[in-house]
Amino acid sequence: MARYASVLDLIGDTPMVDVSALSPTESVRIWLKLEGKNPAGSVKDRVALALVDAAEADGVLVPGKPDQVLLEPSSGNTGIALALVCRLRGYSLKVVLPDNVSTERRQLLELYGAEIIDSPGAEGSNGAVRRARSLAIDHPEWVFLYQYANPANPAVHFETTGPEILRDCPEITHFVAGLGTTGTIVGVGSYLKEQRPSVQVWAVEPPAGELVDGLRSLDDGYVPPVFTDAEGEALLDRRIVVRPRESIEWTRRLTDLGLFVGVSTGAAMAGAIKCAAGIHEGVDASIVVISADDGWKYLSGDVWGGDLDDVVDRASRTIYF
Ligand SMILES: Cc1ncc(COP(=O)(O)O)c(C=O)c1O
């Protein structure tokens, strides 16, 4: 048992669980790092706290000063995590969201007191980014932390997520994670390559034009500055395309091991399975996969129960997360 002074102290140091029972190659172990165990429910808790801490350290945000407003475009998890941090630190938060997001997402943002600004659902997360950037120009008094370009995003993964992975799985040979802002893969990937140059870094993305919640294709018209600044292309050993259907199938398969996780975890897991399938039987390998969040926020999408074709069709129209 441990005791903590603040909910923010619960962020990070997440557990890993063995999911090798699903590995197609017996000598390849697969470990899932459960970021859904963070207090606001996702890997983005680390990022939200790091963005606010960095802005306070730079004097952009002043703790205790009234009427400070933050603005962020988010396809979900960063908005919720920022809403938690802002609530505890006393800042107002405006989140730009595509208008077709799941109800759970809106409810969680409102629960922590954030204000939602809609962007056109058909434009997805790129539309939210565009709307937020133009609002930031119109309102220079608002603080625009912009996780897609903020170095605090990959830095927190370099400083915390990466070291936790190497500490808990020193035998790691491959790292697999989905691409959203690319902060996770850039931060963890850079750390692992620095410490263990032989570790392979595999990125998972949907095909251009298809939706897997939380993920983006680098071929979809916007490459985050976080990725280009770090020369991300050189960091990646492979980019694997995973379709929405496979993502949902693997999200369901994980329940066989008692794991209730979000759809981007299914995508990352599908990528890890492809990675494991390419390794010869008898060659020892250990793949660490990021599970970005738990399944709660996807329940209204009937990800686990509904007919697979219907779920895939709905997922193409609604952003569950
Ligand atoms: C559910 C989910 N999975 C994966 C990711 C990708 O993480 P990153 O932004 O670090 O690339 C995100 C990012 O928003 C996410 O919300």
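The legends below describe close-up views of a predicted model.

Local features are reported at pLDDT of at least 70 and side-chain atom pairs only at pLDDT 80 or more, whereas totals for chains, interfaces and linings use all residues. Residues are numbered from 1 along each chain as its sequence is written, and side-chain values use heavy atoms, with hydrogens and water left out.

**View 1. The two domains of the protein.** Domain 1 comprises 7–37 + 161–315, and domain 2 comprises 44–144; these bounds come from an automatic or database domain assignment. A distance of 25 Å separates the C-alpha centres of domain 1 and domain 2. Domain 1 supplies 21 residues to the contact and domain 2 supplies 18 residues, contact meaning heavy atoms within 4.5 Å.

**View 2. Area buried between domain 1 and domain 2.** About 1,400 Å² is buried between the two domains, with carbon and sulfur atoms giving 49% of this area. Buried area is the accessible area (1.4 Å probe) that two parts lose on being put together, summed over both. On the side of domain 1, the most area is lost to domain 2 by Leu8, Ile11 and Lys297, together 42% of what that side buries.

View 3. Two salt bridges are found across the interface of domain 1 and domain 2 (a side-chain nitrogen of Lys or Arg within 4 Å of a carboxyl oxygen of Asp or Glu). Arg46 and Glu164 form a salt bridge in which the closest N and O atoms are 2.9 Å apart.

View 4. Around the ligand are 15 residues, of which Lys44, Gly180, Thr181, Thr184 and Ser264 come nearest; a residue is near if one of its heavy atoms lies within 4 Å of the molecule. For Ser264, a polar side-chain atom lies 2.7 Å from a nitrogen atom of the ligand. Of the 380 Å² of accessible area that the ligand has on its own, the protein covers 96% (Shrake-Rupley method, 1.4 Å probe).

Definitions and conventions: A polar contact is a pair of N or O atoms within 3.5 Å; within protein, one must be able to donate a hydrogen and the other to accept it, and residues adjacent in sequence count only if both atoms are side-chain atoms.
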